[in-house]
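Subject: Structure handover and notes

Hello,

Here is the structure for your files. My notes on it come after the coordinates.

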Amino acid sequence: MDKFFEFLKNNTAIVAVAAGIVLFIAMNGITSCVAHGDGGNPPTEQHDQIERSEDAGTDGGQKEKVSLSEAQRDVAKDYDDATLGIVATLENSKWGAVDGTGSMTIKDGIITEKYGDTDGDKTKTVTKKQSFAITAADTLGADHSGALSWNVLSVIDSDGKSHIMTLSTVNPAANGGGNDKYHDISCDLFHNEGGYTNSRSCEDVSIPALDDPNFKSSIDGKTKELRASLVDYLLANHSTTTELVWDGAVTDVFANGVKTFSFGIRNANTGDGDSSTRINVTYHTDTHEFEEVDVQ
């Protein structure tokens with residue numbers, strides 16, 4: 001989120017875009033999603049499900065399946081290609097709370113949030129599920145480079161009430177930057193008022209090689225140390241990474257006391273396809289330390 005605000009300060013055209021967002025809201029007569037729309041009253045229990053379970057990290061059994069209302073289904077079946085593209089971005093992103101206090105997934109019109117709740121000396125994991133559908137969408141750009149843009153979405157909840165969901169896209173590469181594109185999202189439907197970002201998905205990046213016996217042996221079993229080093233590097237350079245794919249080779253340079261290997265990067269944008277960005281890792285066999293660097 002800090003990267004987002006820093007980007008905003010360097011782009012004065014954003015003021016005009018903000019005015020466009022206000023105009024979109026006014027034209028659609030929608031409750032603002034930055035604050036507590038509709039006076040902060042929660043949706044009805046029929047479609048807004050909250051589950052609680054004691055002990056951190058454990059979810060309770062699902063009491064009632066949350067599904068789209070008839071009105072939401074009618075809207076969703078008429079999504080055009082542009083709206084379907086936005087839905088794909090929402091569903092393919094792993095959302096982490098901007099303040100680090102929870103996570104969110106979106107699938108088939110269902111928003112699922114998980115967050116901690118402390119009651120006395122007991123910690124609970126709360127899962128909140130609710131449905132939504134997009135009734136209108138407008139795309140606004142801060143400049144012609146495509147480095148910063150917004151999708152301002154009119155959405156309806158299960159009771160048919162309207163809200164604004166704002167999906168921002170930051171693409172530093174459009175202006176010659178080296179970091180990956182990422183998204184931020186906010187809406188008053190969310191439990192987390194500060195919104196979510198997908199720029200932190202690398203914190204639980206999948207690294208299948210760490211379970212490979214041959215690979216583990218080649219780095220002296222230092223899988224935890226390697227993971228920590230890789231996540232540190234990804235947070236600073238490729239924060240939307242969801243998986244690192246080992247190329248299957250380890251080069252041992254006996255004279256220098258190092259081993260080298262490489263990972264390909266996959267994220268919400270590349271999916272299962274090959275990525276042109278790779279990370280070379282150097283393992284120092286004497287100190288058991290790792291160093292990473294990008295290669296093309």
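The notes below go from the whole chain to single residues.

This is a predicted model, in which local features need pLDDT of at least 70 and side-chain atom pairs count only at pLDDT 80 or more, while totals for chains, interfaces and linings use all residues. Residues are numbered from 1 along each chain as its sequence is written, and side-chain values use heavy atoms, with hydrogens and water left out.

Overall

The chain has six helices and 14 strands; helices (H or I, at least four residues) and strands (E, at least two) are DSSP runs, numbered from the N terminus. Of its 296 residues, 42% are buried, where buried means under 20% relative accessible area, exposed means over 50%, and partly exposed lies in between (1.4 Å probe, protein chains only). The accessible surface is about 15200 Å², and carbon and sulfur atoms account for 48% of that surface; areas come from the Shrake-Rupley method with a 1.4 Å probe, and for residues only the protein chains shown count as cover. Taking contacts (heavy atoms within 4.5 Å) between residues at least 6 apart in sequence, 55% join residues at least 24 apart.

Nonpolar cores

A nonpolar core here is a set of buried Ala, Val, Leu, Ile, Met, Phe, Trp, Tyr and Cys residues joined through side-chain atoms within 4.5 Å. The largest has 22 residues, and Phe132, Met165 and Ile185 touch the most other members. At least two residues of this core come from each of helix 4, strand 2, strand 3 (102-107), strand 6 (133-141), strand 7 (148-156) and strand 8 (162-170). A second, separate core holds 21 residues, including Val205, Leu226, Leu230 and Phe290.

Aromatic pairs

Rings of Phe, Tyr and Trp (its six-membered ring) pair if their centres lie within 6.5 Å; planes under 30 degrees apart are stacked, over 60 edge-to-face, and the rest tilted. The count comes to six aromatic pairs. One of them is phenylalanine 215 with phenylalanine 261, edge-to-face at 5.1 Å centre to centre and 85 degrees between the planes. This pair links distant parts of the chain, with phenylalanine 215 in helix 5 and phenylalanine 261 in strand 12, 46 residues apart. Both phenylalanine 215 and phenylalanine 261 are buried. Phenylalanine 261 also pairs edge-to-face with phenylalanine 263, at 5.9 Å centre to centre and 90 degrees between the planes. Phenylalanine 263 is buried as well. Phe215, Trp246, Phe261 and Phe263 form one aromatic cluster.

Salt bridges and cysteines

There are five salt bridges in the whole structure, a salt bridge being a side-chain nitrogen of Lys or Arg within 4 Å of a carboxyl oxygen of Asp or Glu. Among them, aspartate 204 and lysine 94 meet at 2.3 Å, N to O. That pair links distant parts of the chain: aspartate 204 is in the loop between strand 10 (196-197) and helix 5 (213-218), and lysine 94 is in the loop between helix 4 (81-92) and strand 2 (95-97), 110 residues apart. Aspartate 204 is partly exposed at 39% relative accessible area, and lysine 94 is partly exposed at 44%.

Arginine 266 and glutamate 243 form another salt bridge, at 3.4 Å, N to O. Arginine 266 belongs to strand 12 (residues 258-267) and glutamate 243 to strand 11 (residues 241-253), 23 residues apart. Lysine 77 and aspartate 74 also form a salt bridge, with their closest N and O atoms 3.9 Å apart. Lysine 77 is exposed at 62% relative accessibility, whereas aspartate 74 is partly exposed at 36%.

The structure holds zero disulfides, a disulfide being a pair of cysteine sulfur atoms within 2.5 Å. Cysteine 187 is buried at 3% relative accessible area, and cysteine 202 is buried at 0%.

Two loop residues

Leucine 189 sits in the loop between strand 9 (182-186) and strand 10 and is buried, with a relative accessible area of 4%. Beyond its neighbours within four places in sequence, leucine 189 contacts Glu113, Lys128, Gln130, Phe132, Val155, Asp157 and His163.

Aspartate 180 lies in the loop between strand 8 and strand 9 and counts as buried at 18% relative accessibility.

Regards
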